[in-house]
Amino acid sequence: MSARRIFARPARFAAIAPYVWMVLFFLVPFAFVLKISLSQTAIAQPPYEPVFDLTAGWDALKSAFAALSVDNFRLIGSDDIYVFAYVRSLTVAVTATALLLLIGYPIAYGMARLPKNWQAVAMVLVIVPFWTSFLIRIYAWINILQHDGLLNQILLALHLVSQPVVWLSTDSAMYIGIVYSYLPFMILPLYATLAKMEPVLEEAASDLGAPPGAVFWLVTFPLSLPGVGAGVLLCFIPIVGEFVIPDLLAGSNSLMIGQTLWLEFFTNKDWPVASAAAIVLLVVLLLPLLLYERLQKRQLEQGR
Amino acid sequence: MTDELPRTDAAANAGGDAYPAAGQPLLCIEGVAKAFGAFRAVDGVSLEIKAGEFFALLGPSGCGKTTLLRMLAGFEAPDEGRILLGGKDIAQALPHERPINMMFQNYALFPHLSVRDNIAFGLKRAGMARAEIATRVAEMVALVKLEGLEKRKPDQLSGGQRQRVALARALARRPQLLLLDEPLAALDKKLRESTQGELMELQRRLGMTFIIVTHDQEEAMTMASRIGVMKSGKLAQVASPRELYEAPRSRWIAEFVGDVNLFDGESKLRDGHRLVIGTRDAGSLVVAEPREPVGAGRLAVAIRPEKVKLSRRGPVSEAGHETAINRLDGVIADICYLGGTTTYKVKLDTGGMVQASVANSARLDVDAYSLNQHVVAWFTPDDCVVLQS
């Protein structure tokens with residue numbers, strides 16, 4: 001009993017802390033954005049109305065509430081620009097995440113099967129690019145991919161192409177940039193689950209008559225699913241909202257939703273529409289999260 | 001119904017070779033060696049295992065017994081030598097191509113699969129029909145008494161239940177040869193003892209060939225019909241448990257298997273079929289002449305503690321005065337009560353120590369000795385083993 005009294009309070013505080021954090025830094029700002037998304041744009045400071053003024057009295061507040069509308073959401077639903085941007089964002093995110101998984105899985109698997117001291121070296125090699133600013137690394141890619149850049153020089157020297165290839169301002173460049181930037185986020189969770197997995201399980205599978213391919217698909221891959229899920233989410237969600245890489249590496253004829261948001265905010269100064277677009281994006285991103293959670297729960301229940 | 005189990009159908013996976021009849025050689029290991037870098041883990045092992053045998057590979061950790069087992073399973077390829085199973089060299093065959101299954105230390109159950117799917121895993125890989133798999137799994141579940149737990153995942157089972165799943169999974173394919181890597185090491189003592197009995201029962205009933213790897217000599221003695229003792233990558237002796245204990249071939253084996261008193265000395269003279277050996281710590285000892293002649297030079301006399309008798313004045317058995325030529329006077333220096341037996345350490349007047357293990361055949365300790373009591377320790381020449389030192 002006394003042990004409980006001693007430890008209960010700090011433990012309870014620690015348990016509450018994440019909720020306090022969520023309310024302060026997620027729910028409150030979210031409420032602001034939600035309110036702005038229901039407002040109308042105006043040439044004013046701030047650039048929207050109505051403005052809730054708690055000092056103006058009850059009636060003013062009531063009429064401010066009445067002035068809120070869902071017009072911005074209707075606009076987003078009906079205007080092709082936004083729909084295309086969402087579709088493009090999702091397509092890019094799905095493609096890039098699939099590429100990341102295809103490239104990241106073998107790397108993570110190889111790392112997990114290295115001798116212990118080499119694993120630490122490999123880990124550092126994966127993390128080391130983070131020590132350089134993200135923007136600088138993307139600019140480095142511009143340098144590599146430009147007309148007389150390193151990539152074209154190599155391709156020409158190897159006689160793989162006869163003319164310099166146009167890389168910049170193409171989707172290929174964007175995918176190269178995204179896969180390069182997000183690879184560590186795919187590798188690290190995969191590596192963590194694969195390194196934890198006992199190699200003896202693979203031996204047991206082959207002992208029971210499974211050829212190497214079957215060992216992978218029946219044992220290794222299913223057991224690494226938590227890592228796959230974490231890696232996919234860690235990459236997919238930020239890629240959907242990615243703004244910098246498509247802006248610097250891809251062409252300007254089709255925009256991702258992050259770029260559209262930026263335009264609305266800073267070029268059009270239309271905060272309400274931008275906020276509405278942000279909220280739709282959040283809902284779109286919540287869906288895969290909920291799905292993942294449902295899947296995990298079902299897996300747990302199957303075990304009962 | 002499990003009594004009706006056909007003995008093995010693994011012969012089918014081996015390409016139609018007939019499974020040898022019980023007592024015929026099944027597995028021949030010929031001069032097998034495996035090195036890891038400069039370390040020779042297995043160093044020229046040759047061994048023949050007969051069909052239907054329960055064979056134990058016994059040795060301290062690092063002696064190469066696990067490496068040898070892993071070569072039989074196919075996880076390591078030998079650098080030298082041949083491994084013949086039913087006459088066919090399988091040394092370079094991959095694990096999934098061998099009609100051999102293994103029960104792993106710590107079981108290696110697939111955590112994402114239920115008990116049923118764990119057992120069915122090997123059957124599915126063999127391309128068995130669905131209905132047949134269901135029947136076989138049910139058979140296996142009944143065999144290891146896991147009824148009602150088929151849908152559980154491994155982490156919802158106790159240690160003993162997990163051990164049974166591992167056994168059922170390894171037996172399901174009816175392999176020609178079952179390898180067991182320290183199968184009982186993770187169980188507590190009571191469960192280990194009952195499981196030993198069940199494993200032996202099962203092996204006899206299925207008529208299968210088992211090779212077990214263990215560092216626990218008691219486990220090997222209890223279960224195996226033959227034991228191969230390994231030391232530094234080599235087989236030191238292959239013998240029945242009784243022979244291993246009563247006629248160890250070297251000083252090291254005598255010490256590794258069970259407790260033993262060892263007296264170093266030199267051969268002094270031959271007296272008919274008796275040998276007199278002068279020892280440093282226990283004076284002259286008379287021993288029966290060993291079957292294999294011992295050379296001159298340094299020898300050791302080994303005598304098991306339970307064969308050393310104690311008495312207050314001298315040999316007391318009827319024939320004692322003629323046979324108990326070895327009598328050593330001393331005082332009790334240490335008493336270790338173990339329940340069924342008591343081990344006394346006797347400090348000999350000649351300077352050495354001798355251990356005697358005495359059965360506690362009466363509940364009241366009228367016969368027990370006390371510390372510092374003068375006693376006579378005696379034993380017959382036939383109970384001694386002469387070893388090259």
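## The sheet of chain B

Six strands of chain B build an open sheet, in the order E6-E7-E8-E3-E9-E10, with mixed pairing. Two strands pair if DSSP finds at least two bridges between them. Helices (H or I, at least four residues) and strands (E, at least two) are DSSP runs, numbered from the N terminus. The edges are E6 and strand E10 (234-239) of chain B, each of which pairs on one side only. From one strand to the next, the twist averages 20°.

Helix H4 (residues 159-171) of chain B packs on this sheet and touches E6 and E7 of chain B. The direction of H4 makes about 175° with that of E6(B). Axes here are lines fitted to C-alpha atoms, for helices over the stretch in contact, and angles run from 0 to 180 degrees between N-to-C directions. Two residues are in contact if their C-beta atoms, placed from the backbone, lie within 7 Å.

## Basis of the model

This is a predicted model, in which local features need pLDDT of at least 70, side-chain atom pairs count only at pLDDT 80 or more, and totals for chains, interfaces and linings use all residues. Residues are numbered from 1 along each chain as its sequence is written, while chains are lettered from A and ligands numbered from 1 in the order in which they are written.

Strand E3 (residues 54-58) of chain B is mostly covered, with five of its five residues buried. A residue is buried if 20 or more other C-beta atoms lie within 10 Å of its own, exposed if 12 or fewer, and partly exposed in between; C-beta atoms are placed from the backbone. B:Phe54, B:Ala56 and B:Leu58 point one way from E3(B). B:Phe55 and B:Leu57 point the other way. In a regular strand the side chains alternate between the two faces of the sheet.

E3(B) pairs in the parallel sense with strand E8 (residues 209-214) of chain B, over five bridges. There, B:Leu57 stands opposite B:Val213. Four bridges join E3(B) to strand E9 (residues 226-231) of chain B, and these two strands also run parallel. In E9(B), B:Arg226 stands opposite B:Phe55, and B:Gly228 is the bridge partner of B:Leu57.

Strand E6 (residues 100-103) of chain B is covered on both faces. B:Ile100 and B:Met102 are buried on one side, B:Asn101 and B:Met103 on the other. E6(B) pairs with strand E7 (residues 177-181) of chain B in the parallel sense, over four bridges. B:Met103 stands opposite B:Leu180 in E7(B).

## A residue in strand E2

B:Ile49 belongs to strand E2 (residues 39-50) of chain B. It counts as buried because it has 21 C-beta neighbours inside 10 Å. Not counting residues up to four places away in sequence, B:Ile49 touches B:Leu26, B:Leu27, B:Phe55, B:Thr209 and B:Ile211. B:Ile49 and B:Gln237 are 188 residues apart in sequence; in space they are 14 Å apart, C-alpha to C-alpha.

## Chain B as a whole

Chain B has nine helices and 20 strands. Its C-alpha trace spans about 75 × 50 × 40 Å along the principal axes. Of its 389 residues, 40% count as buried. Among contacts in chain B with a separation of 6 or more, 64% come from residues 24 or more positions apart.

UniProt, in an unreviewed entry, lists "domain: ABC transporter" for residues 27-257 of chain B. UniProt positions are given in the numbering used here, feature names are shortened, and annotations may be inferred rather than shown by experiment. Over residues 27-257 the chain is 36% helix and 27% strand, and the end C-alpha atoms are 26 Å apart.

## Helices of chain A

For chain A, an unreviewed UniProt entry places the feature "transmembrane region" at residues 12-32, 81-108, 120-144, 175-194, 214-236 and 271-292. Residues 12-32 are 100% helix and 0% strand, with end C-alpha atoms 29 Å apart. Residues 214-236 are 96% helix and 0% strand, and their end C-alpha atoms lie 28 Å apart.

Helix H5 (residues 116-127) of chain A is hardly covered: the count of buried residues among its twelve is zero. At 1.5 Å a residue, H5(A) should span 16 Å, and its end C-alpha atoms are 17 Å apart, which agrees. The expected span is 1.5 Å times one less than the number of residues in the helix.

## Where the chains meet

16 residues of chain A are in contact with 18 residues of chain B. On the chain A side, helix H9 (199-207) and helix H10 (212-223) are the elements that give two or more residues. H9(A) gives the most, with six residues. The chain A side divides into ten nonpolar, three polar and three charged residues. Ala, Val, Leu, Ile, Met, Phe, Trp, Tyr, Cys and Pro count as nonpolar, Asp, Glu, Lys and Arg as charged, and the others, Gly among them, as polar.
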